[in-house]
There are 4 protein chains.
Amino acid sequence: MKTLGQLLQTGDWKGEKHVPVIHAPEKVKAGEVFEIKVSVGDAIGHPNTLEHYIAWFKVFFHADGGKFPVEIANFDFKAHGEDGNFTEPAGVARIKLDKSGTIHAVSYCNIHGLWENSQEIVVE
Amino acid sequence: MKTLGQLLQTGDWKGEKHVPVIHAPEKVKAGEVFEIKVSVGDAIGHPNTLEHYIAWFKVFFHADGGKFPVEIANFDFKAHGEDGNFTEPAGVARIKLDKSGTIHAVSYCNIHGLWENSQEIVVE
Amino acid sequence: MKTLGQLLQTGDWKGEKHVPVIHAPEKVKAGEVFEIKVSVGDAIGHPNTLEHYIAWFKVFFHADGGKFPVEIANFDFKAHGEDGNFTEPAGVARIKLDKSGTIHAVSYCNIHGLWENSQEIVVE
Amino acid sequence: MKTLGQLLQTGDWKGEKHVPVIHAPEKVKAGEVFEIKVSVGDAIGHPNTLEHYIAWFKVFFHADGGKFPVEIANFDFKAHGEDGNFTEPAGVARIKLDKSGTIHAVSYCNIHGLWENSQEIVVE
Ligand SMILES: [Fe+3]
Ligand SMILES: [Fe+3]
Ligand SMILES: [Fe+3]
Ligand SMILES: [Fe+3]
């Protein structure tokens, strides 16, 4: 039996359409607001229908040497064709950090489960 | 006793810092992806501390003549100082519509309750 | 143009299947944990399919004479047939209050929009 | 650098207060609704203050031999002292399954990060 941690899949987003892509600066200033964008489908689009869709992303930050990740943002994509409306799987958050560390993003597809990606960020 | 609908406060975001500001084009093409941004604090910043913060936005779309609003996106802002991390109250969604109507945004402050705003959008 | 507050529909849950039913004691002791259950479909079941489902409830508490409602709980019902799994639209929260007031529940159907109900509760 | 999957901590809930406890039957009938309860603090209570709290649980089901977990429910515990209101970290979901498998629960503490637990369930 796998743990849930072992069920968090990953891969190269250029070939695996479920992997969240993290768009973040490599370097930021401590305490200054900056934007990160997380998206799915930058290279290969993912379906967006009532039967099959990306439901949400969660974004965490784990400081270098820190014991625990801190949740930054949760994005829920809610419209998948209802009354002709669609929400694409992309979210932007505005954040402030004060230590260098790693941004982790998780995406959930209602059919294909949990996928994760990460990116290091230097805070000066 | 008020209904919850009656507890959704509103106002001018230039003077009332809890009112969500909707940044959306006035006119879009049917079925084309576009961005909307919702934020709080464009004119007057809102506190962002463990004790007092904007917790989330929800965004709905109500087509002209439609009976029901459809939820577009939910944004949760999760870090309010934990380990030096902060999430600002702003979110961007990428959406597609096929009818003209109204975008509704709701924000929730853990101390000052529910606030709403709306903006019409023409879909051609 | 209606406000979102005006789009929060209500009705008698015995005849309107979208209205959340609040199961809560009439009277509780200040600072003592008790349970509230919110459900949809007690009298008439609501569909639970990939195309049509109850997506979530939010629960708020508004103290008598208080200015703002405080969010108590958010329940998201996520499985609507994926791999044979279904989540029914019902949630239980364990809460403590210290003033009398009103519990407000909102439910969202992906097709039929937002519905609310409320129940007064005496805190001694 | 750890993956997020590697940051999902676990342990014995009798000694580690962050581990979600899953209360579920060992055996259920296919397609019959049953309840699962997830809680934190059954043996050792967790703080519930504005500065330190359990923010949410997610619950997934992974069928034996299935490739992907399916999300069942998300519970957000929202009140941590605002206006004297508190939401305890416990949630109940009503679900239907049609295959045997494993229930996975994740909890998030705003200070101590992500914790998981799981329980097998036989579906007849
Ligand atoms: Fe998929
Ligand atoms: Fe406020
Ligand atoms: Fe409905
Ligand atoms: Fe903790």
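Reader: Before we start, what should I know about the numbering and the model?

Author: This is a predicted model, in which local features need pLDDT of at least 70 and side-chain atom pairs count only at pLDDT 80 or more, while totals for chains, interfaces and linings use all residues. Residues are numbered from 1 along each chain as its sequence is written, chains are lettered from A and ligands numbered from 1 in the order in which they are written, and side-chain values use heavy atoms, with hydrogens and water left out.

Reader: Which residues coordinate the iron ion (ligand 1)?

Author: Donors are N, O and S atoms within 2.8 Å of the metal (3.2 Å for Na, K and Ca), and water is not among the atoms, so sites may look incomplete. The coordinating atoms here lie at 2.1 to 2.4 Å. Along the chain the donors follow the spacing H-x27-H-x5-H-x56-C-x2-H. The residues are H18(A) (NE2), H46(A) (NE2), H52(A) (NE2), C109(A) (SG) and H112(A) (ND1).

Reader: Is H112(A) buried or partly exposed?

Author: Buried means under 20% relative accessible area, exposed over 50%, and partly exposed in between (1.4 Å probe, protein chains only). C109(A), with 0% relative accessibility, counts as buried. H112(A) has 21% relative accessibility, so this residue counts as partly exposed.

Reader: How far apart in sequence are the parts that H46(B) and H112(B) tie together?

Author: Both residues are among the protein donors of the iron ion (ligand 2), along with H18(B), H52(B) and C109(B). H46(B) lies in the loop between β3 (34–39) and β4 (54–63) of chain B, and H112(B) lies in the loop between β8 (101–109) and β9 (113–123) of chain B. Strands (E, at least two residues) are DSSP runs, numbered from the N terminus. The pair therefore ties together parts that are 66 residues apart in sequence.

Reader: What rotation superposes chain A on chain C?

Author: Two copies of a chain are related by a rotation about an axis and a shift along it. Copies are superposed by least squares on the C-alpha atoms of residues with pLDDT of at least 70 in both. For chain A on chain C, the RMSD is 0.0 Å and the shift along the axis is 0.0 Å, with a rotation of 180°. The two copies are thus related as by a two-fold rotation axis.

Reader: Which residue of chain A comes closest to that rotation axis?

Author: The distance is taken at the C-alpha, and the value is 3.0 Å. The residue is L50(A).

Reader: How much area do chain A and chain C bury between them?

Author: Nine residues of chain A are in contact with nine residues of chain C (heavy atoms within 4.5 Å). Buried area is the accessible area (1.4 Å probe) that two parts lose on being put together, summed over both. The amount for chain A and chain C is about 760 Å². Of the area that chain A buries against chain C, L50(A), K78(A) and E82(A) supply 51%.

Reader: How many salt bridges does the rule find across the interface of chain B and chain A?

Author: A salt bridge is a side-chain nitrogen of Lys or Arg within 4 Å of a carboxyl oxygen of Asp or Glu. Across the interface of chain A and chain C the rule finds zero. K99(A) forms a salt bridge with D83(B), with the closest N and O atoms 2.8 Å apart. For chain B and chain A, the count is two.

Reader: What area do chain B and chain A bury between them?

Author: The contact takes 30 residues from chain B and 30 residues from chain A. Of the buried area, 50% is on carbon and sulfur atoms. The value is about 2600 Å².

Key. Helix = DSSP H or I, 4+ residues; strand = E, 2+ residues; numbered from the N terminus.
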